[in-house]
Amino acid sequence: MKTLLSLVLTVCLLLAPQALVLSDVATPRLLDVAAPDGEPSFVIGANQDGARFLMARVLPDVPPMVGLDMFILDAASGVQTPLHLADSADASGIAMRLLMGRVGQDEADALLERFGGAAGYAIRAMWMDRPMVVQCRGDLLMLRSGGVGCALVDMTTGETRPLNTSSATIGPDGRVIACNPAEPMRVFEPKLPMPVPFPLASDGEFMTLSATPLAGGGAVCAQRGIKMENIDGGLLAAARFAFVNADGAPVETVDAGEMPFNMTPDRLFYSEQAGVGIAIKPSYAMMRPPLIFRKGDSSARHLIMESPDATVAQALPPEKNPDGTFAGTEACVLFPIGLSGDGAVALLVELKSASLLRMDLQTLAVAPVLTNAQMSGLLGDREDFKPMIALTSLGYNGGQLLGSWHLPEDKILQLF
């Protein structure tokens, strides 16, 4: 059993928050973040300053799919704070949807009794699969899972708010914008129990797939055209990035051209500090490079690397290959997983070499952080290890730490 003293020595002394800069020499290692109670846990994320960790334990026999006992571990005190549903969440409704038609009444009653009621059952069963961290901002983590879409976790209290949306992004003031295609954008304010509509002024021609809140109440939106054109048996739609003010009125737009509607980017990373955005459609990453744009640009470009050894990425106009893929995916395939807390650097996975890179958002200079060989060396000889899946599921805290279900239990990856 790990003692509280060993936890403090192995974690707190190593995790003073530092900016991710290209001049750092990468010496990745696995850190011990075992909980004082001695029970093994997966470390799936950390808050931005590395003082608290999101831990998870798989529970057997929790229908309908997988049960998770998740809690926050304070590195300094060793206190474990269980995740719990926000007061605004409909615990009874969530539990009913999970149980209805899947188990008999007796088993349902036993599950609710086992976990102390609907809220205790729902917070453990609602994920449906193993959630991953898709964003960290300060003490807030955004999780994504098959059961609730996105969920917001407060790393100081354990309060968890299921958002039931395909895309949600945390802004600089804790404001969250949630998007579902063909539905109005919603804003979750830190002090309000229920979301409010974002007053997006719409011309009826575009829908918002993802949006990042900006300081002052505005947002930058990844949008797809509602009208589609059938060309050679494929449906094409216009795409753009729109900057809107707090009233929802457009300030400027960046054209992203026409593309197959199912390739339209629906995951957006935008750094207000650098004025640079990167967007991707994860399921089509092997066919189309990410789009990159700067505030003030007239059009977005493809972010590509000509070789795994390149020291600078390029932003080039989209060019289509005869087979329907896009130029720029032949040698390297870039997959963004997050931005540094200071907004200066993007963390990218290069899928073909199964390596992790950092990229300066201003200069596009790139440097390796973690190679496939290094990752394999850290994890040892594991037959279940799939580098591409493991790297793209890393939960980045915006500093030096990455958590994942694919790391050994009680371990988190430190980059430097």
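**Close-up views of cores, pockets, cavities and cysteines**

**View 1. The largest nonpolar core and W127.** Among the 38 residues of the largest nonpolar core, those that touch the most other members are L54, M70, L83, Y121, M126 and W127. Such a core is a set of buried Ala, Val, Leu, Ile, Met, Phe, Trp, Tyr and Cys residues joined through side-chain atoms within 4.5 Å, where buried means under 20% relative accessible area (1.4 Å probe, protein chains only). Leaving aside residues up to four places away in sequence, W127 touches L68, M70, L83, L143, S145, G146, G147, V148, A151 and T160, a contact being heavy atoms within 4.5 Å. A second, separate core has 23 residues, including V349, L351, L356 and L402. The model is predicted, so local features need pLDDT of at least 70 and side-chain atom pairs count only at pLDDT 80 or more, while totals for chains, interfaces and linings use all residues. Residues are numbered from 1 along each chain as its sequence is written, and side-chain values use heavy atoms, with hydrogens and water left out.

**View 2. The largest pocket.** The largest pocket holds about 530 Å³ of space. On a 1 Å grid over the protein atoms alone, a pocket is an open set of points with protein on both sides within 12 Å along at least five of seven lines, and lining residues have an atom within 4 Å of a point. Its volume is the space filled by probe spheres set on the points, which are joined across faces, edges and corners. Of the 38 lining residues, Q135, C136, R137, F269 and L339 are the closest to the centre of the largest pocket. Two or more lining residues come from each of β7 (132-137), β11 (167-170), β15 (206-213), β19 (267-271) and β24; β7 gives the most, with 6 residues. Strands here are DSSP runs (E, at least two residues), numbered from the N terminus. The lining comprises 18 nonpolar, 15 polar and 5 charged residues, with Ala, Val, Leu, Ile, Met, Phe, Trp, Tyr, Cys and Pro counted as nonpolar, Asp, Glu, Lys and Arg as charged, and the others, Gly among them, as polar.

**View 3. The second largest pocket.** The second largest pocket contains about 310 Å³ of space. It is lined by 14 residues, with D154, E159, R161, E189 and P190 nearest its centre. The largest share of this lining, 3 residues, is supplied by β9. By class, the lining has 8 nonpolar, 1 polar and 5 charged residues.

View 4. The whole structure has 2 cavities of 30 Å³ or more, a cavity being a set of points where a 1.4 Å probe fits but cannot get out. The largest cavity has a volume of about 60 Å³, and its lining has 8 nonpolar, no polar and 2 charged residues. The second largest cavity, of about 40 Å³, is lined by residues including P289, M305 and C332. C332 lies in the loop between β23 (314-316) and β24 (334-339) and is buried, at 2% relative accessibility. Its C-alpha atom is 9.1 Å from that of P289, 43 residues apart along the chain.

View 5. C179 is in no disulfide either, the nearest cysteine sulfur, that of C221, being 6.7 Å away. C179 is buried at 1% relative accessibility.

Notes
Helix = DSSP H or I, 4+ residues; strand = E, 2+ residues; numbered from the N terminus. Buried < 20%, exposed > 50% of the residue type's maximum accessible area, 1.4 Å probe, protein only. Disulfide = S-S within 2.5 Å.
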